[in-house]
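This briefing is meant to be read alongside the sequence and the coordinates.

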Amino acid sequence: MWWTMVLIKRYRFFLATATILLVISLVNQEIGSRAVGVVGYTFREMAMIIPPVFILLGLLDVWIPRETMMRFMGEGSGVKGMLIAILLGSAATGPLYAAFPVASVFMKKGVKFSNVLIFIGAWTRSKFTQYQTTPKLWINSQYLRNLQ
Amino acid sequence: MTNIALYLATVLLLGLSYTRDRGKTRKALKKALKAFKNILPQFLGIIVLVGLLMAVFDAAFISRLIGQESGWLGVLLSAVVGAVTLIPGIVAFPTAAMLIQGGAGYMKIGAFVSALMMVGVVTLPVELEYFGRRLSIARNLLAFLFSLLVAYIIGKVCGGLWF
């Protein structure tokens with residue numbers, strides 16, 4: 001049926017990696033179970049971060065007009081636009097892959113291209129929300145347990 | 001902590017949006033769902049890929065790899081390892097601390113953490129979806145080169161110039 005073909009095509013990358021995981025698990029159970037542990041951890045992490053990010057992006061898309069975004073971060077926004085891009089990128093938490101959807105909405109909304117790149121750079125580089133890592137140590141131990 | 005803040009902000013803004021305009025709020029949620037559906041296949045694939053990579057590149061393996069080579073080759077190797085692995089920042093920083101305690105040089109750690117955070121070989125499928133081929137490849141290449149520059153500067157700053 002045509003829709004199963006569409007589904008298979010859309011999920012081919014996932015299906016390929018899942019097949020590799022299955023084969024590896026059959027060959028080497030230890031590596032396989034470790035991989036499944038990390039998959040579980042990463043899935044939980046993504047499941048926590050992705051819904052609010054996408055909802056916030058939807059709200060931004062609907063409520064903030066293109067003109068406003070352009071005034072603050074578009075062509076001719078100058079140093080102000082750069083500073084906003086740095087601030088937004090640094091304040092945001094989450095892994096790199098969470099930054100891509102945000103950046104793509106920015107581009108759609110007429111944010112200057114260089115400011116989008118500044119935003120991504122700040123997201124990946126300056127993490128001032130992550131300097132206080134002590135309360136998060138349990139996450140580390142959990143993660144390391146999955147790795148070991 | 002930051003997750004709580006993120007959720008609080010989302011709920012607050014969503015509530016505010018709902019009291020102002022129900023139709024717009026519904027539209028925003030629909031857009032969110034559509035964007036999510038579009039990227040879900042890539043995300044799922046990456047999750048499994050990360051699991052596979054991490055099962056091989058565990059903390060012990062990473063420190064063995066990074067610890068082995070010295071000099072510029074070691075730095076380059078650290079950057080490559082950082083580029084292909086995907087570890088959340090909150091785990092990466094303590095891991096880096098562990099590596100330093102284990103005797104790895106500052107230059108290597110600088111290269112590893114920088115490449116880890118900025119270069120995403122594993123997340124390339126998602127990035128391609130949003131940015132296209134040219135921009136994604138250029139961004140990752142430049143980020144990789146920048147990681148080496150950062151390693152050089154960190155090596156100079158931490159390697160006996162001031163300490």
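This is a predicted model: local features need pLDDT of at least 70, side-chain atom pairs count only at pLDDT 80 or more; totals for chains, interfaces and linings use all residues.

Residues are numbered from 1 along each chain as its sequence is written, chains are lettered from A and ligands numbered from 1 in the order in which they are written, and side-chain values use heavy atoms, with hydrogens and water left out.

**Interface of chains A and B**

- In total, 60 residues of chain B are in contact with 54 residues of chain A; contact means heavy atoms within 4.5 Å.
- The two chains bury about 5,500 Å² between them, 77% of it on carbon and sulfur atoms; buried area is the accessible area (1.4 Å probe) that two parts lose on being put together, summed over both.
- The rule finds five residue pairs in polar contact across this interface, both residues being at pLDDT 80 or more. A polar contact is a pair of N or O atoms within 3.5 Å; within protein, one must be able to donate a hydrogen and the other to accept it, and residues adjacent in sequence count only if both atoms are side-chain atoms.
- On the side of chain B that touches chain A, the elements giving two or more residues are α1 (2–20), α2 (22–56), α5 (89–101), α6 (106–118), α7 (124–131) and α8 (133–161) of chain B. Helices (H or I, at least four residues) and strands (E, at least two) are DSSP runs, numbered from the N terminus.
- The largest share of that side, 26 residues, comes from α2(B).
- By class, the side of chain B that touches chain A has 39 nonpolar, 12 polar and nine charged residues. Ala, Val, Leu, Ile, Met, Phe, Trp, Tyr, Cys and Pro count as nonpolar, Asp, Glu, Lys and Arg as charged, and the others, Gly among them, as polar.

**Salt bridges around Asp61(A)**

- Over all chains the structure holds four salt bridges, a salt bridge being a side-chain nitrogen of Lys or Arg within 4 Å of a carboxyl oxygen of Asp or Glu.
- Asp61(A), Lys108(A), Lys109(A) and Lys31(B) are linked in a network of salt bridges. Side chains of opposite charge can pair when their charged atoms come close.
- Asp61(A) pairs with Lys108(A), with the closest N and O atoms 3.0 Å apart. This pair links distant parts of the chain, Asp61(A) in helix α3 (residues 29–63) and Lys108(A) in helix α6 (residues 96–108) of chain A, 47 residues apart.
- Asp61(A) is buried, with a relative accessible area of 12%, whereas Lys108(A) is exposed at 53%. Buried means under 20% relative accessible area, exposed over 50%, and partly exposed in between (1.4 Å probe, protein chains only).
- Asp61(A) also forms a salt bridge with Lys109(A), at 3.5 Å between the closest N and O atoms. Lys109(A) sits in the loop between α6 and α7 (113–125) of chain A, 48 residues from Asp61(A), and both residues are buried.
- Across the interface the rule finds one salt bridge, and Asp61(A) forms a salt bridge with Lys31(B) at 3.3 Å. The pair runs from Lys31(B) in helix α2 of chain B to Asp61(A) in helix α3 of chain A; Lys31(B) counts as partly exposed, at 32% relative accessibility.

**Nonpolar cores**

- Of the 56 residues in the largest nonpolar core, Phe106(A), Ile120(A), Ile62(B) and Phe112(B) touch the most other members. A nonpolar core is a set of buried Ala, Val, Leu, Ile, Met, Phe, Trp, Tyr and Cys residues joined through side-chain atoms within 4.5 Å.
- Apart from that core lies another, of 11 residues, among them Ala79(B), Ala83(B), Ala111(B) and Met118(B).
- Not counting residues up to four places away in sequence, Phe106(A) touches residues including Leu60(A), Met69(A), Met73(A) and Phe119(A).

**Fold of chain A**

- Chain A has eight helices and zero strands.
- Of the 148 residues of chain A, 43% count as buried.
- Among contacts in chain A between residues at least 6 apart in sequence, 72% join residues at least 24 apart.

**Two buried polar residues of chain B**

- Asn140(B), in helix α8 of chain B, is buried with a relative accessible area of 9%. A polar contact of 3.2 Å joins its side chain to that of Glu127(B).
- Thr10(B), in helix α1 of chain B, is buried with a relative accessible area of 5%. The side chain of Thr10(B) reaches the backbone oxygen of Leu6(B) at 2.7 Å.
- Leaving aside neighbours within four places in sequence, Thr10(B) is in contact with Pro52(A), Ile55(A) and Leu56(A).
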